[in-house]
Amino acid sequence: MPRTAAGEPWEQAIRSSVRSKNGFTVSNSRGRALLRYRPSDGKPESCVLPVDWSKAETERILLLVNRIAKLRLSGDQGTLKGALQATQDQSTTMKRGTDWRAIRDDFRNRLMKGGNQIKEKTWRHNYSTYIEEAISIIEAGRATDGYSLLRETLKRWEGKAESRNVLCGNLRNFIDHGIARHGVAKSWAITLTDIKELRGKRHAKREKAILSDVEILALIESLEKRNQQWANVIRLMALYGLRPIELQHLVPKTRPDGTLGMWCNYEKVCGATATKQRWIEPLPLRDAFGEVVQWNLVSALQAGLLDLPKRVDGEPRRLEGRAVLGYFRTMPEWRAIVERCEERGEWARPYIFRDSYSHRAHLNKIEVGAIADSMGHSVAVHSSSYRWASDESTAAAFASIFAD
């Protein structure tokens, strides 16, 4: 919609609403909302509101103006600035000294530079969206304590169990930080009882899907006919059990024993633990006849002969979870795998090649510590998060005890 002399439509709506109160007008003053009052029998007054002049702050601007106008017109406050101060001091959500955005910034700094040391991407995906929604709710006066804040914030993620679960934990941590470090009233605390009541029932944990060697090889063979680059991506993930993001952190290096190996320089930070740079070990697949399939990917990568996806300008494409999943979704073979796994009650995702690597390593009776070390996580994480066996391999393992 074209801009008019009176501003954008949202600006016009704010001005129109404020003008309905006798003598009051509002405008933009260097990015802040400026409120003016011209009484019928007195000197004009003005005050700058502690809120940005933006579409996102429409609700807060109107809320403040309504409260200020009520105090000024009733005679409870003799000046506009006095009415503003009284409005802030009487509100549990807007009183001076509770700067929720400053608390947000300090909380982010603590997470990124303190013990957790999360990445910017983690902040955006797991914290920022939920905290911004909560702050907007607080500043709009739609919540007065921790319980009502959680209830109102959860509304935006109705029906999204995983998002609601992450929201509850991280919003609670944000509020706890405000209480402990910034003097926020304890009435804002979000309790475990609040979370249990409001979060809703969690979805049953889905079992992660795995593919057999033959299924992986068939996928690669089919894809290779039209896209050698992405076939090589799957080869790398299957042979080394990679996280998708590790595809851009692979370096061929000489091992201490003089042989050529694959080094992964990716470092993943998660809570108090981190994935360190490491040697990653290849675990070859077997074809339908039980023969080992040899892909000398590390030598090809070192020689610059391993063709991987590129951008339109010819530069290497950045490969991480979203990019890999985005391409997979265009593949009819991948969609068939997803459907097949869903019929089995399993969850197919780009990590399927990593989960299949884990399963294959256990079938080959590799010691669990060595598997976890190559995959870049602790034995505890491996035990709780990765597939060790399937129904078929479990049955075969017990049957082998009595085999001749």
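**Sheet and rings**

Five bridges join strand S5 to strand S6 (residues 260–264), and the two run antiparallel. This is a predicted model, in which local features need pLDDT of at least 70, side-chain atom pairs count only at pLDDT 80 or more, and totals for chains, interfaces and linings use all residues. Residues are numbered from 1 along each chain as its sequence is written, and side-chain values use heavy atoms, with hydrogens and water left out.

Strands here are DSSP E runs of at least two residues, helices are H or I runs of at least four, and both are numbered from the N terminus. Two strands pair if DSSP finds at least two bridges between them. The open sheet has three strands in the order S5-S6-S9, with antiparallel pairing. S5 (250–254) and S9 (278–280) are its edge strands, each pairing on one side only.

Lys253 stands opposite Gly261 in S6. The charged end of Lys253 also sits over the ring of Trp279, 5.8 Å from its centre. Arg255 lies over the face of Trp279 as well, at 4.8 Å from the ring centre. The rule requires NZ of Lys or CZ of Arg within 6 Å of the ring centre and within 35 degrees of the ring normal.

Now ring pairs. Rings of Phe, Tyr and Trp (its six-membered ring) pair if their centres lie within 6.5 Å; planes under 30 degrees apart count as stacked, over 60 as edge-to-face and the rest as tilted. The count comes to 14 aromatic pairs. Trp10 and Trp53 have ring centres 5.7 Å apart and planes at 45 degrees, so the pair is tilted.
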